[in-house]
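Dear colleague,

Please find below the structure that I am handing over to you.

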Amino acid sequence: MYQIINKRKYTYIISAVLIVLSVTALSVWGLRLGIDFKGGTLMEVQFSEDKVPASQDIQDKLSEFELDSLIIQPSENNVVILRYIASDDDLNSKVLGKIKEFDENVTQLRVDFIGASVSDQLKGSAVKALIFAIFGIALYIAWAFRKVSYPVPSWQYGLGAVIALAHDIIITLGAFAFLGKFYGVEVGIPFVAALLTILGYSVNDTIVVYDRTRENILRYGRKENFEETVNKSVNETLARSINTSLTVIVVLLAIIFFGGETIKYFSIALLIGVGFGTYSSIYVASALLVTSYKIRIK
């Protein structure tokens, strides 16, 4: 049996360093917000059959306009969707004119403007969604473990899970602050969806370990030291946690390398979150139960 929980001081140091680096990156660089959060133009055009240019060719053709946050997304039926931060009718006309150099019969299906007020509303909704999800998870775990009040109160299970979730989210945000600064990676609504998915995956992994801890507490009662019980529970679920995470990671890597640009960074966010979610469920959430217990008995 691996001695995992008694190494918690070292894992706390690792987590603290990662969180400090992430918070520093967010404070200094911040996230590079995309069109969803800054406003801009969405243009949808349809080309004639066999005349659809490659995304890179379109980007090269429009490079003279220096469009900020330009995203080119091919779709079905010879349709291409362009997103960029600008709300100028004259500029949009020039963009369409350049696109017609590929196909003079190209059809502009729609042009939508995302205003600043809509962007602010989206940012507010994203923050509310994350807070509501975390608060709901804490309440659910506290309720689910209400019958296990020894040797730590049930609400501390919820608190430990929330701290682990915050750990995963902060590190993911820090990683994207770094990617935004040095690689120009932008975040939008899909990134918020990725964060919410990370919350669900991470708490699921944590509950598996917590549930085994509850079973062992009920089985052994006061006959076994609490730290030993938690360590045994982590060992009993370790193979399941690692195998499940590796399965997800393999799929995400396939999407990152072969899924195209539109979902690449969504998958990268999930990859970071899933990796650290597995780590935190073992080395953070479970270890915090023992730490709170040690503080309590002192």
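A residue is called buried when its relative accessible area is under 20%, and exposed when that value is over 50%. Please bear in mind that this is a predicted model.

By this rule, Lys-98, at 18% relative accessibility, counts as buried. The closest N and O atoms of Glu-64 and Lys-98 are 2.9 Å apart. This pair links distant parts of the chain, with Glu-64 in the loop between H3 and strand E2 and Lys-98 in helix H4, 34 residues apart.

A second salt bridge joins the side chains of Glu-101 and Lys-61, at 3.1 Å from N to O. Glu-101 lies in the loop between helix H4 and strand E4 and Lys-61 in helix H3, so this pair ties together parts that are 40 residues apart in sequence.

Elsewhere, the side chains of Arg-240 and Asp-205 form a salt bridge of 3.0 Å, N to O. Arg-240 belongs to helix H8 and Asp-205 to helix H7, so the bridge connects parts 35 residues apart in sequence. Arg-240 is partly exposed, with a relative accessible area of 34%, whereas Asp-205 is buried at 1%.

Helix H7 also meets helix H9: their axes come within 8 Å and cross at roughly 30 degrees. The two helices are therefore roughly parallel to each other, and H7 passes H9 in a right-handed crossing. The residues of this contact divide into 14 nonpolar, nine polar and one charged.

Finally, Thr-172 lies in helix H6 and is buried, with a relative accessible area of 0%. Among the residues that Thr-172 touches are Phe-191, Ile-198 and Ala-269.

Yours sincerely

Note on methods
Residues are numbered from 1 along each chain as its sequence is written. This is a predicted model: local features need pLDDT of at least 70, side-chain atom pairs count only at pLDDT 80 or more; totals for chains, interfaces and linings use all residues. Side-chain values use heavy atoms; hydrogens and water are left out. Helices (H or I, at least four residues) and strands (E, at least two) are DSSP runs, numbered from the N terminus. Buried means under 20% relative accessible area, exposed over 50%, partly exposed in between (1.4 Å probe, protein chains only). Contact means heavy atoms within 4.5 Å. Axes are lines fitted to C-alpha atoms, for helices over the stretch in contact, and angles run from 0 to 180 degrees between N-to-C directions. Angles under 35 degrees count as roughly parallel, over 145 as roughly antiparallel, 65 to 115 as roughly perpendicular and the rest as oblique. A crossing is left-handed if the near helix is turned anticlockwise from the far one by less than a right angle, and right-handed if clockwise. Ala, Val, Leu, Ile, Met, Phe, Trp, Tyr, Cys and Pro count as nonpolar, Asp, Glu, Lys and Arg as charged, and the others, Gly among them, as polar. A salt bridge is a side-chain nitrogen of Lys or Arg within 4 Å of a carboxyl oxygen of Asp or Glu. Lists of a residue's contacts leave out its neighbours within four places in sequence.
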